[in-house]
Amino acid sequence: MRFLAGDANWWRQAVIYQIYPRSFADSNGDGIGDVQGIISRIDYLKKLGVDAVWLSPHYPSALADGGYDVDDYRDVDPRLGTLADFDELIAKLHENGMRIIIDIVPNHSGSGHQWFKDALAAGPGSPERDRYIFRDGKGENGEIRPSELSSHFGPTAWTRITEPDGTPGQWYMHLFASEQPDWNWDNPEVRADFEKTIRFWCDRGVDGFRIDVAHALVKDLKNGHLPERNSYDLSVMKDDGTDDLFDRDEVHEIYASWRKIFNEYNPPRMAVAEAWVHANRRPPSASANGLGQSFSFDMLGAGWDPRKVRNIANINMKATVENGSSTTWVLSNHDVIRHATRFGLPEVSNFGAWYKDNRFNPGVDEKLGLTRGKAMTMLLLALPGSTYLYQGEELGLQEALEIPAEDMQDPQFFRNPDLGLSRDGCRVPLPWTRTGSSFGFGSGGSHLPQPKWFGDWSVEAEDGVAGSTLEFYREVLALRRKLQTTETFKWVWHFNKQIVHFARPNGWQSVTNFSQKPVKLPKGKLLASSEPLVSGKLAPNATAWLQA
Ligand code: NOJ
């Protein structure tokens, strides 16, 4: 058994495995993954060698946005189980030497939340309405939306309600789907309720939190002001803490108050911000007086480009040194196309347009995608900081691009015609077996259709098979655990700029060959490589770890 020390810094260089609970493992055959399903796979997680799991929302939800529409922050979706199941999950993960991080969704609730129902039932100007952002419409009869703010999932961030007396009424703001009304963070009751939620889960033994849309929450709504813009175009966001929609300085006051709560526990609870902010604004989100860590998503957009990879690593490490946090590395999550597919896509300038026209006949080079994906994974695992893995990437699982429109669930697919991209392709339930009902996900089908080829990427197909992606992840995660050292690194320069080579203080070195020809390996003992060597040289699209 791995010993879980009361180490306050456990998260700084951890490997954290993201579970999208409705698509991981289904114990009761209803087609939806659940908490007992996760419990049944704890041995798998332990053997994989991760330090912690992060659960995407497990709360009661109408699933308008995959669970990010939370109807009750202090309960478990009955389709996923009960609070008792959840306590069992925490205990069993801990017994097996793993921590657990859960998602907190503080920008918006689900429209089934009791407080939203109360707000609809109470009239305009009531304290119940003040917990959300209700405004009168413009025009003679209030029929024009209060501002031109667009939502992430559609053309407008405002929805009009019918008042309790049956007349057309006020409008409420939602940066995402209309089923996700934004909280009013100027309201002290909202603040107090979230503090209660945080304590609720800390008391149950949760080790940390991933904070959804952490840059939103507080908006400038003073003196009748309302943001008027496209909310998903982050390029127009100000970078000085005074933007009227995102990353305002006031949001960090909220996180400072949460930090006080996290620090009441031993070890202090960790938190990681999903903050889409300008690079110069990452330090406040990751400050030790605030959430403590912030995602960097830059590597998601780096592609197979050594110059960009070096540059992003430098920027991230610099920010980390400045704010005392540890940096984060992410190649996949529940919002983006799986990287084993991404690295094998034809080069296109407009991915949205490509997706619409080509997803049923995509021409993905799966082998190249997987090869580069493994090489990038090894590179990131060797850098200082924590790495967040997404369920299925350890199988080399490809994106299910070919889901028919009628089976899609993602509101982004239906409601944002500009983007038209679905996130369902990376949320298809995991294949555990080669064949059988939903490839071993459960006995009763799967809530998103699994393609026929899914069994080829199953755990059964890879477990114990030399050279499989699963065995590769197990090997490199075990090695990383042994090699882990202080949070610094140094570049080692080569004449060939297609080689990205760095060394950690204990002599652990990582070398990636971005070129299309085998390259000579630097001196040192070979510890692992993402591809077999070619006549003693590092293969193209491969990473090797060496001990100097
Ligand atoms: C970010 C989450 O990762 C995404 O899945 C969700 O749709 C939005 N936040 C809204 O909660």
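A pocket here is an open set of points, on a 1 Å grid over the protein atoms alone, where a 1.4 Å probe fits, with protein on both sides within 12 Å along at least five of seven lines. A molecule sits in a pocket if more than half of its atoms lie within 2 Å of its grid points. The space taken by the ligand is the largest pocket.

Two notes on the source. This is a predicted model, where local features need pLDDT of at least 70, side-chain atom pairs count only at pLDDT 80 or more, and totals for chains, interfaces and linings use all residues. Residues are numbered from 1 along each chain as its sequence is written, and side-chain values use heavy atoms, with hydrogens and water left out.

Now the shell. Around the ligand there are 14 residues (a heavy atom within 4 Å), and the closest are D65, H108, D212, H334 and D335. By class, 7 of the shell residues are charged (Asp, Glu, Lys, Arg), 4 nonpolar (Ala, Val, Leu, Ile, Met, Phe, Trp, Tyr, Cys, Pro) and 3 polar (the others, Gly among them).

Next, polar contacts, meaning N or O pairs within 3.5 Å. An N or O atom in the D212 side chain is 2.7 Å from a ligand oxygen. For H334, a polar side-chain atom lies 2.8 Å from a ligand oxygen. The protein buries 97% of the 300 Å² that the ligand exposes taken alone (Shrake-Rupley, 1.4 Å probe).

Notes
Polar contact = N/O pair within 3.5 Å; in protein donor to acceptor, adjacent residues only side chain to side chain. 1 Å grid on protein atoms, 1.4 Å probe; cavity = no way out; pocket = protein on both sides within 12 Å on 5 of 7 lines; lining within 4 Å.
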